[in-house]
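Subject: Structure for your reading

Dear colleague,

My findings follow directly after it, and I would ask you to read them with the model open beside you.

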Amino acid sequence: MSKLTKNQKAVAGKVDANKAYTLAEAAALVKEITTTKFDASIDVDIRLGVDPRKANQMVRGVVSLPNGTGKVTRVLALCTPDQEAAAKEAGADYVGLDEYIEKIKGGWTDVDVIITMPSCMGKIGPIGRILGPRGLMPNPKSGTVTMNIAQAVKEVKQGKIDFKVDKTGIIHTSIGKVSMTADQIFGNAKEFISTVNKLKPAAAKGTYIKSIFISSTMSKGIKIDPKSAE
């Protein structure tokens with residue numbers, strides 16, 4: 001077992017593992033217990049009472065975080081020439097089609113989100129085996145396959161993220177950075193949890209949200225009372 005650093009020892013007793021904090025309390029506390037020298041990410045993990053193996057219990061969606069993600073999101077817009085200017089104006093970092101498809105075939109995937117048009121999916125399909133495992137494959141359900149490229153780019157740049165439940169029934173996503181204020185972290189977390197709540201499948205029985213934890217990179221997880229996030 002690794003030894004705790006001086007900073008980790010200083011915050012070790014601040015989190016009561018047996019207590020379920022309110023979302024507001026947790027948003028403030030997660031800043032207090034973060035000891036990293038870099039701007040750590042703030043993560044939220046929600047355990048759901050669903051069976052992801054059943055199609056009618058899959059939980060997947062998108063949410064626009066009111067205070068942004070706190071990080072620079074690199075966006076590639078794969079579009080036809082007539083949409084390139086609008087995509088660039090909206091803030092896309094890379095814009096094109098055939099040349100970027102060839103770059104990706106060569107191993108380049110130095111982006112966070114890829115946005116494209118329905119008419120371009122035929123060309124993108126063959127590189128799905130490269131993009132899929134990296135979570136970069138455009139999908140209509142996440143709003144990354146659309147006719148309105150500019151709007152999609154703008155939304156992603158402003159803090160739109162997509163998420164889905166994993167095979168163990170957990171949704172894990174980053175909702176900000178520790179440099180944000182406690183109020184900003186609270187606002188983003190509340191919007192994310194509220195969106196997950198609205199996506200409850202009709203086929204899901206019993207308790208839908210079983211537990212919620214918030215943490216920062218390398219910090220302890222803080223248990224949140226689900227009712228405080230409603």
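Phenylalanine 163 has a relative accessibility of 3% and therefore counts as buried, since the cut-off for that class is under 20%. Please bear in mind throughout that this is a predicted model. Which residue does phenylalanine 163 pair with? Its aromatic partner is phenylalanine 192, and the arrangement is edge-to-face, with 5.2 Å from centre to centre and 90° between the planes. Phenylalanine 163 belongs to strand β6 (residues 160-164), while phenylalanine 192 belongs to helix α8 (residues 182-198), so the pair ties together parts that are 29 residues apart in sequence. Phenylalanine 192 is buried as well, with a relative accessible area of 0%.

Further aromatic pairs

The structure holds 4 aromatic pairs. One of them joins tyrosine 94 and tryptophan 108, whose ring centres are 5.2 Å apart and whose planes stand at 85°, so this pair is edge-to-face. Tyrosine 94 is part of strand β4 (residues 94-96), and tryptophan 108 sits in the loop between α4 (98-105) and β5 (113-116); the pair therefore ties together parts that are 14 residues apart in sequence. Are these two residues buried or exposed? Tyrosine 94 is partly exposed, at a relative accessible area of 25%, whereas tryptophan 108, at 17%, counts as buried. Tyr94 and Trp108 also belong, together with Tyr100, to one aromatic cluster.

Helix α8 and its surroundings

The axes of α2 and α8 come within 9 Å of each other and cross at roughly 130°. That angle makes α2 oblique to α8, and the crossing is right-handed. On the side of α2, the contact is made by Leu23, Ala24, Ala27, Ala28, Val30 and Lys31; on the side of α8, by Ala182, Ile185, Phe186, Ala189, Lys190 and Ile193. Sorted by class, this contact has 10 nonpolar residues, no polar ones and 2 charged ones.

Glutamate 191 also lies in helix α8. With a relative accessible area of 35%, glutamate 191 is partly exposed. Which residues does glutamate 191 contact, leaving aside its neighbours within four places in sequence? They are Val63, Ser64 and Pro66. Glutamate 191 and glutamine 151 are 40 residues apart along the chain, and their C-alpha atoms are separated by 21 Å.

Helix α3 (residues 81-90) packs with helix α7 (residues 149-158) at an angle of about 20°, and their axes are 8 Å apart. Angles under 35 degrees count as roughly parallel, and α3 and α7 are therefore roughly parallel to each other. Their crossing is right-handed. Helix α3 contributes Gln83, Ala86, Ala87 and Ala90 to the contact, and α7 contributes Ile149, Ala150, Val153, Lys154 and Lys157. By class, there are 6 nonpolar residues, 1 polar residue and 2 charged residues in the contact of α3 with α7.

Loop residues

Serine 219 is placed in the loop between β8 (209-216) and β9 (222-224). Its relative accessible area is 19%, and serine 219 is buried. If residues up to four places away in sequence are not counted, serine 219 touches Val30 and Ile33. How far apart are the C-alpha atoms of serine 219 and valine 30? They are separated by 7.9 Å, although the two residues are 189 residues apart along the chain.

Methionine 218 is exposed, with a relative accessible area of 66%. Its phi is positive, at about 70°, although methionine 218 is not a glycine.

Finally, asparagine 18 is found in the loop between α1 (6-11) and α2 (23-32). At 77% relative accessibility, asparagine 18 counts as exposed. The C-alpha atoms of asparagine 18 and glycine 125 are separated by 48 Å, and these two residues are 107 residues apart along the chain.

Yours sincerely,

A colleague

How values were computed. Residues numbered from 1 in each chain as written. Predicted model: local features only at pLDDT ≥ 70, side-chain atom pairs only at ≥ 80, totals over all residues. Heavy atoms only, no water. Axes fitted to C-alpha atoms, helices over the stretch in contact; angles between N-to-C directions. Helix = DSSP H or I, 4+ residues; strand = E, 2+ residues; numbered from the N terminus. Parallel < 35°, antiparallel > 145°, perpendicular 65-115°, else oblique. Left-handed = near helix turned anticlockwise from the far one by under 90°. Contact = heavy atoms within 4.5 Å. Nonpolar A, V, L, I, M, F, W, Y, C, P; charged D, E, K, R; others polar. Phe/Tyr/Trp six-rings, centres within 6.5 Å; stacked < 30°, edge-to-face > 60°. Buried < 20%, exposed > 50% of the residue type's maximum accessible area, 1.4 Å probe, protein only.
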